[in-house]
Amino acid sequence: MTKVDLLITNANVFNVFLRKFEQVTVSVKDGKFYWIDRELPNIEAKTVIDLSGKYLIPGLIDAHMHIDSSMTTPEIMGKTIGKYGTTTIVADDHEITNVAGIAGLKNFINQPSPIDIFFGIPSSVPSTSEALETTGGKIGVHEVEELLKDPRFICLGEVMNFKEMTAEGPTLIKDIINTCQKIRPTMPLEGHVPAYCGEDLAKVIFSGVTTDHTQQTAALVDEKIRNGMFVELQLKSMHQEVLDTIINHQYFEHVALVTDDSMPDLLLTSHLNALVEKAIAMGMKPEDAIYISTYTPARHMGLWDRGAIAPGRVADFVVLDNLEKFAISKVYKNGQPFLTDYQEADYEFLPELRHSVIATKLSEKDLELTTNLVQNGAVLANVMQLNEVGTFTNYVQKKVEVKDHKVLWKQAGLALILVQERYGKSDGRQYQLGLVDRAISGDGAVGATWAHDHHNLMVMGTNISGMIKIQHKLINQQGGYIAAKGDTIVANAPLAIGGVVSDQPIEVLGKQIGEIRQTMRDLGYKNTNEIMSFSTLSLLVSPNLKISDKGLFEVKSQKKVELFVEK
């Protein structure tokens, strides 16, 4: 008689290898699946559960996400998403690394969590170069070699720098890729490949990159898969034509659902389960939607001990009441019911992570936008123009009137943006001003130290007094995300850890971010994800025109762009 810890009877069990449900009995021993078959004779179980009418699937696996992009900690993230069925994640925590380097990264990821967390080596710290943006940390070959010794790091995090990745001759990112290929030749190399196709895409794949997770179209998905890439689909890529391409071509072996950046207010209600539910609602068979959120991400990341209900695999599983609606009844981790009240002893984050905003308080005079091109008349301004979907900006020029050298940007219907170096590497006053179209139309401002990926202090608005109050508040509280109506701060999410992460429960943080999001909407900000849209105006690897503390840059060429052109 073989003794096991758990016996599950009468469930419809998903077999990932056959990609279908079967009526079988499942046994669990020492936290792993033991024997699965229609009949299990001579098995004695400590606990037997009857799941008649229910469905059993492997725990969900999110192969591309960022804990710090959710502005939370590993423990809080695990407690939050575990109950939604996500039992394993692969996190590329390059936000905290940009703030505090490898020491900050190690301190951050060492916090215990109730789910299994594997990591990607941050490859792009900074995302471009020190000539284009200032960061608090830097990752080079030496740091990569050190992280490769840690078995928790199972992939190279998203490689973003297209110019250096595809340049002739040696570059830092090429050296990092070569180091990974030499030490771990089978390790996946994650890429950030937005809208690149044709020879540009071939150059990226030729460099060694195996994966892309950025915003997709049907044509891009088809081209990338035909060229051997593994495509990770986040929510903003889940358009009907994209899903139809995957379904019609049976591309399930080559894709996975991922969350990438999950906003705290959205984590109040769902995680990867929402994408599975959406895929089913858009016409994908439940079996296929489950397959690309369990087995394909596990296989792609080399996590052969999970992603399937099979002997020897980690006994992470989800019980569903309804397959079509993906209604979760219960979640199990290592064969035990998932504990939503998981609580570790107090964890200490490095003091330097709690004191990372070193910047000079500015005055309204500092935000006065002037030009010497003309005294009176007009200039052409190079402007970042927002889109209502996604984080790409349009590179446009707008005619702006000038009076006594002062640029009348507000009369042109634009918003002013400030990016200030906040790591104490300058005199504390190094900052750049820019202009944004289709941003805030009302009277107010928004600001954050959560500004991808350099995470300098960034404020945008139409009310200069409100912008200055936000800038001062961000310095006083050592980081955060803040919104103002007029010159009155009405919403605030302090981010005390590195200026990018909160140590508050997700219920508190989610409410705070939700209030900021609503304030932005009230001010006329239009985007499917207002929080991410604003915070990526500083992301120098996301098309087409972005800003840092060192200037305005055209993304693909990485060429600096002057704010004004004489007309």
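How many of the 6 residues of strand S6 (residues 60-65) are buried? In this predicted model, in which residues are numbered from 1 along each chain as its sequence is written, local features need pLDDT of at least 70, side-chain atom pairs count only at pLDDT 80 or more, and totals for chains, interfaces and linings use all residues. Side-chain values use heavy atoms, with hydrogens and water left out.

For strand S6, 6 of the 6 residues are buried, so this strand is largely enclosed by the rest of the structure. Buried here means under 20% relative accessible area, exposed means over 50%, and partly exposed lies in between, with a 1.4 Å probe and protein chains only. Helices (H or I, at least four residues) and strands (E, at least two) are DSSP runs numbered from the N terminus. Strand S6 runs parallel to strand S7 (residues 86-91), to which 4 bridges join it; two strands pair if DSSP finds at least two bridges between them. Within this pairing, Met65 stands opposite Ala91 in S7. Together with helix H1 (residues 74-82), S6 and S7 make a right-handed β-α-β unit. A crossover is right-handed if, with the strands pointing away from the viewer, the path from the first strand over the helix to the second runs clockwise.

An antiparallel pairing is found between strand S2 (residues 20-29) and strand S3 (residues 32-37), again over 4 bridges. The bridge partner of Val26 is Ile36 in S3. S2 and S3 form a hairpin with 2 residues between them, and Asp30 in the turn has a positive phi of about 55°.

The UniProt record, in an unreviewed entry, assigns "domain: Amidohydrolase-related" to residues 55-193 and 204-336. UniProt positions are given in the numbering used here, feature names are shortened, and annotations may be inferred rather than shown by experiment. Residues 55-193 are 35% helix and 23% strand, with end C-alpha atoms 37 Å apart. For residues 204-336, the content is 33% helix and 17% strand, and the end C-alpha atoms lie 43 Å apart.

The cysteines form 0 disulfides, a disulfide being a pair of cysteine sulfur atoms within 2.5 Å. The sulfur of Cys180 is 9.2 Å from the closest cysteine sulfur, in Cys155, which is too far for a bond. Cys180 is buried, with a relative accessible area of 0%, whereas Cys197 counts as partly exposed at 40% relative accessibility.

Asp200 lies in helix H6 (residues 198-206) and is buried, with a relative accessible area of 18%. Its side chain makes a polar contact with the side chain of Lys556 (2.7 Å). A polar contact is a pair of N or O atoms within 3.5 Å; within protein, one must be able to donate a hydrogen and the other to accept it, and residues adjacent in sequence count only if both atoms are side-chain atoms.

UniProt, also in an unreviewed entry, places "domain: Adenine deaminase C-terminal" at residues 391-558. That span is 21% helix and 34% strand, and its end C-alpha atoms are 17 Å apart.

Finally, 3 strands form an open antiparallel sheet in the order S26-S27-S28. Its edge strands, S26 (545-548) and S28 (559-561), each pair on one side only. Strand S26 is joined to strand S27 (residues 551-554) by 4 bridges in the antiparallel sense, and Ser548 stands opposite Gly551 in S27.
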